[in-house]
Amino acid sequence: MEHWGFVGRADELSRLRMVAVSSAERGLILSGAAGIGKSRLLHEAVANLPAGRWAVYRASATIATSGLPFGGLVQILPGDPPIGLSPAGLMRWAVDGLIHDAAGRPIVLAVDDAHLLDPPSAALVHLLVREGATLLGTLHTAEPVPAAISALWAEGLVAHAELTPLSVEDSRALLTALVGGPVEAGSAQRMGRLGGGNPLLLRELVMAAIGGGELEQAYGFWRWTGRLALAPSLAELVDARIGRLTPGVRDVLELVAFGEPMGLSLLLRGADQADVEAAEDRGLIRVIEHDRRHDVRLAHPLYGEVVRRTCPVTRARRLQATLAGLIETSGSRRRNDLLRVAVLRLHSGTAQNGAMLLDAAAQAFAGFDIDLARRLGAAAHDAGAGYPAAELLSTALLFADEPERALAVLDETPDDTPRRLTARVAVEFFGLGRPEAVNALAEVRTADPGDAARVHAFEAFLRLLLDEVGRARELAAAVLAEPAASVPSHALARCVLAFLSAAGGDPAHAQELLDQVLAVAAEWRRDTPSVQYALQMAQGMLVSVTLDLPAIDRILTAEFAGLVQAGGFGLGSGWVALLQAQAAWLRGRTDQALRAVEQACAALAPSHVYDGSAHYARAIIAASRGDVALATASLQLADEAANGVFSVYYPWREQARAWAYACAGDISTAVRVQLASASRSRSGGFHGHELLALYDVVRLGCPDLVAGRMSELGGKVGGRLSALFVRHARAGVDGEAHLTLAREFAGVGCLVFAAETAATAVRLFRAARDTRALAASTLLADVLGRCDTVRTPALVAVQPALTVRERQVAELAAGGVRSREIADQLFLSPRTVENHLQRVYTKLGVNGRNELTPALKLLPQ
């Protein structure tokens, strides 16, 4: 943790290095906040400049040297000056000494914290630049700068730029370097936001989390619990940046810390205007204009953590009660004001309105902030909001992987309605993995058609997951036909039917149903927020069966994906990561796919009920990379975690099993597994799944077994890839048909399928000694060049093993080296070289040297 490699700042580092070696530019000074990485950037910029070509002088000014003449440059000045020199003479002596020491090399002067230079040192820097030296310097933003330094950019001698906070990507890279491994996406997002792009503060935050045991590792990923251990070093660092405050400015800082983001007009009602202006002048708060609104935030997210933690309890409660009152008297005009007031009332001990707390808890749940929904739900429950509060709290506890506590909450709250029964069954089924819990729903008898519809909708959902497809369809259709059914009941029934339509190969109808569910989301999220889970499952099924990359991308860029990552919603985060993995895999980015699926494993690890699905996906991706050990281990973990709750997902389970066999070289067993899976899907009416399973048989090299049935499915199964799959199955030994398919698959972004069809074209053309093999090899090399590691059976078939010597000879020949020259370089006879080349041509199926380059690109490196 004490040292890490330099990460990020690529553009800034490149700019500094270009200035350092430029003969046209005289320098660049970077300004920035403390801890933002100026010093490290400056060090990296000059660290590798060759001493033989440039004379690099490094100086770091400090407060201790700022009052001493030439103290800021004492590290680089020559020895004792001659006695009796005037100030001007001293300057001349120093310049001449450095120029003499440089011995004709260009001078690069790197000065850190140049704002702390004493006046003589600043003047000397100015003079050196005027006489040809290049200056690379750093300044602390908002600190006074010596006139001699500011004059450098005022006169156009050097450039001046502001160093901005680290980007999201650079913050993630720094986190990885700090902990020594990848960080789970949601944790990286939350820690990066709290670090505010400041490397020093991010480092202290990570050290505090590690020291407090709040960073945990699972499946190779670090995951933050979300709790912040405020280590003394972190608190002291933030305190030093905040500095000494007047009582009025402290009031402003504390109000913003507890209320951010808060409207400027609201802040001015609670604090003196002069104090607000002083806080802004000191860089403690920021005023952000957005859509004619002015919001106030703290200058750095960690300021709020430290201010809130160090504020006395009684003062904190008073401030939060005051803020709640201010928002309420202003009319609570903003969308999230209800939630803000509820949180402030809760923390100030003034929360007495159970209905308000319940509404706020529902809003938090709708935003996928599960922890906040749980706290507000508990407060609403304690405030007497009745059974609705108990149900929402139990749902939040279920989503937070605390099913036992969820059951206890429901048992503590008497309610004899069917609604309580459905809530209890949900906890037992999803939280505890008890598939038999669904039977309690089938026994419900009620005269109220609305209550009956609610029970039937939920039973339909569970029957679907248990692969009782006929009963699920029947129950869902009955709910939609019931006029008395509530909006959430109709939404849940539509999710069930959308799932069935997607799996059945009718994506258009599935999307129509999902659009209807989304159109009334505001209504069901308040009453039955758990419908979100069914919606996710139906959406996931739709894009997974159609392999619709644009649709997956739309989901991943929608608000939901960001909310579940930022809010610590493990189940949602895992679902998003699985979609990311699938999209990356289709695009051939198997490194990224493996990272995403392992994030899913980490996110879903706390809940054994869902854990298996991530491991099945991991097995498929590992198998496509040729990693037999990882594929086998993942499959074993998935089988151990599997239970009877999610029987409907058998196609993914069997696909993982088939590809694990294929990866190990047992193609015949892999084909049998997928044929059996296709038969089961056909009997259940899941023609979308059936087509995918049959297409795997094509990819495994046995299209004759399935071409007929796939042709029949081509008229039944929708989706933009279905026609391509059928054409692939029917392409037979037509190399041109495979080459055309490869181009079309590449055009829609499915590079794994493009590579496999191109590989088949290469194999067929080579076998026929067809000159089109060169075009096919070139296309395949181009596709594989855009992929990470992909080693499926179709690709392995065109990647024969060359000996080390054969590879050496082939690469030299492909580079245009003549046989006699190759013989001389490798100490072989020309005849031996020709023999090696003939064996290479035979193995690769090429006709001569002109075809070697693309053919060699197909071989593993």
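The model is a predicted one, in which local features need pLDDT of at least 70 and side-chain atom pairs count only at pLDDT 80 or more, while totals for chains, interfaces and linings use all residues. Residues are numbered from 1 along each chain as its sequence is written, and side-chain values use heavy atoms, without hydrogens and water.

Glu 131 sits in the loop between helix H4 (119–130) and strand E4 (134–140); helices (H or I, at least four residues) and strands (E, at least two) are DSSP runs numbered from the N terminus. With a relative accessible area of 38%, Glu 131 is partly exposed, that is, between buried (under 20%) and exposed (over 50%) for a 1.4 Å probe and protein chains only. Beyond neighbours within four places in sequence, Glu 131 is in contact with Arg 92, Val 95 and Ile 99, contact meaning heavy atoms within 4.5 Å.

Strand E4 also belongs to an open sheet of 5 strands, ordered E2-E3-E4-E1-E5 with parallel pairing, where pairing requires at least two DSSP bridges between two strands. Strands E2 (55–60) and E5 (159–162) form the edges, each with a single partner strand, so one side of each has no neighbour in the sheet. Strand E3 (residues 107–112) pairs with E4 over 4 bridges, and Val 108 stands opposite Thr 134 in E4.
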